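Take a moment with the sequence and the model. Then walk through them with the text below.

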Amino acid sequence: MEEKNLNEENLEKEETNAEAEETTETAEGEVIDETEVKIAELEQKAADNFDKYQRCLAEFDNFRKRTSKEKASMYDDGVRDTVEKLLPVVDNLERAILAQEKADAEDPFLKGVQMTLKQFLEILQGMGVEEIKALGEQFDPNLHAAVAHEDDDAYGENEIIQEMLKGYQYKDKVIRHSMVKVAN
């Protein structure tokens with residue numbers, strides 16, 4: 001009988017151990033599941049933060065490029081505005097030379113004005129300001145302003161036959177259009 005009691009006790013212990021193991025397994029399964037869920041949540045947060053970082057970096061790069069372009073544009077606009085205000089001085093120096101060349105080409109005053117004009121034009125050219133070619137060219141409304149028209153078969157279609165006022169451009173942007181007379 002003692003043997004029977006021992007067997008029953010062993011059996012009861014085994015059942016208790018089995019139940020305890022099941023409880024432990026269930027608890028461990030829940031712990032494992034909770035850990036996996038937390039890991040998944042943290043991975044998602046990390047991915048979101050990395051995405052935000054990349055977007056912020058791209059946005060900052062775009063801001064830097066845009067600011068750089070705006071600065072360059074402001075400088076170019078400043079140069080164009082300044083040159084536009086100085087062009088009447090160039091025009092007047094050219095007129096003075098034309099008026100005086102007819103009278104006395106060896107006048108020292110005339111030579112001084114010619115040197116001043118030459119220096120002025122060299123400075124403008126060094127800055128990137130270019131004269132717009134007009135005489136003998138085809139009329140281009142982007143570069144020229146037609147102020148007169150003449151019908152003459154000696155010239156081609158829309159050919160510029162006289163330049164009344166020189167035009168200038170800076171970096172492919174017109175500062176002042178050439179005022180021209182167009183044939184046909």
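**Salt bridges, a sheet and a core**

Lys111 is partly exposed, with a relative accessible area of 39%. Here buried means under 20% relative accessible area, exposed means over 50%, and partly exposed lies in between (1.4 Å probe, protein chains only). This is a predicted model: local features need pLDDT of at least 70, side-chain atom pairs count only at pLDDT 80 or more, and totals for chains, interfaces and linings use all residues. Residues are numbered from 1 along each chain as its sequence is written, and side-chain values use heavy atoms, leaving out hydrogens and water.

What does the side chain of Lys111 meet in a salt bridge? The partner is Glu106, at 3.4 Å from N to O. A salt bridge is a side-chain nitrogen of Lys or Arg within 4 Å of a carboxyl oxygen of Asp or Glu. Glu106 counts as exposed, at 59% relative accessibility. Side chains of opposite charge can pair when their charged atoms come close.

The structure holds 10 salt bridges. Another one joins Glu150 and Lys181, whose closest N and O atoms are 2.8 Å apart. Glu150 lies in strand β2 and Lys181 in strand β6 (residues 178-183), so this pair ties together parts that are 31 residues apart in sequence. Helices (H or I, at least four residues) and strands (E, at least two) are DSSP runs, numbered from the N terminus. Lys181 is buried, with a relative accessible area of 19%. Glu150 counts as partly exposed, at 26%.

Now go to helix α1. Arg64 and Asp61 form a salt bridge there, 2.2 Å from N to O. The two are three residues apart in α1, so about one helical turn separates them. Arg64 is partly exposed at 48% relative accessible area, and Asp61 is partly exposed at 22%. A network of salt bridges links Asp61, Arg64 and Lys65.

Next comes a sheet. Three strands form an open sheet in the order β1-β4-β5, with antiparallel pairing. Two strands pair if DSSP finds at least two bridges between them. The edge strands, β1 (129-132) and β5 (173-176), each pair on one side only. Strands of a sheet pair through backbone hydrogen bonds, either parallel or antiparallel. β1 and β4 (residues 167-170) pair over four bridges. Ile132 stands opposite Gly167 in β4.

Lys173 sits in strand β5. Lys173 is partly exposed, with a relative accessible area of 46%. The C-alpha atoms of Lys173 and Val129 are 9.7 Å apart, although 44 residues separate the two along the chain.

Val129 leads on to the core. The largest nonpolar core has 14 residues, and Val83, Leu87, Leu124, Val129 and Ile175 have the most contacts inside it. Such a core is a set of buried Ala, Val, Leu, Ile, Met, Phe, Trp, Tyr and Cys residues joined through side-chain atoms within 4.5 Å. The largest share, six residues, comes from α1. Leaving aside neighbours within four places in sequence, Leu124 is in contact (heavy atoms within 4.5 Å) with Val83, Leu87, Val90 and Val129.

Most residues other than glycine have a negative phi. Yet phi of Asn158 is near 55°, and phi of Lys171 is near 50°. Asn158 lies in the loop between β2 (144-150) and β3 (159-165), and Lys171 in the loop between β4 and β5. Asn158 counts as partly exposed at 34% relative accessibility, whereas Lys171 is exposed at 53%.
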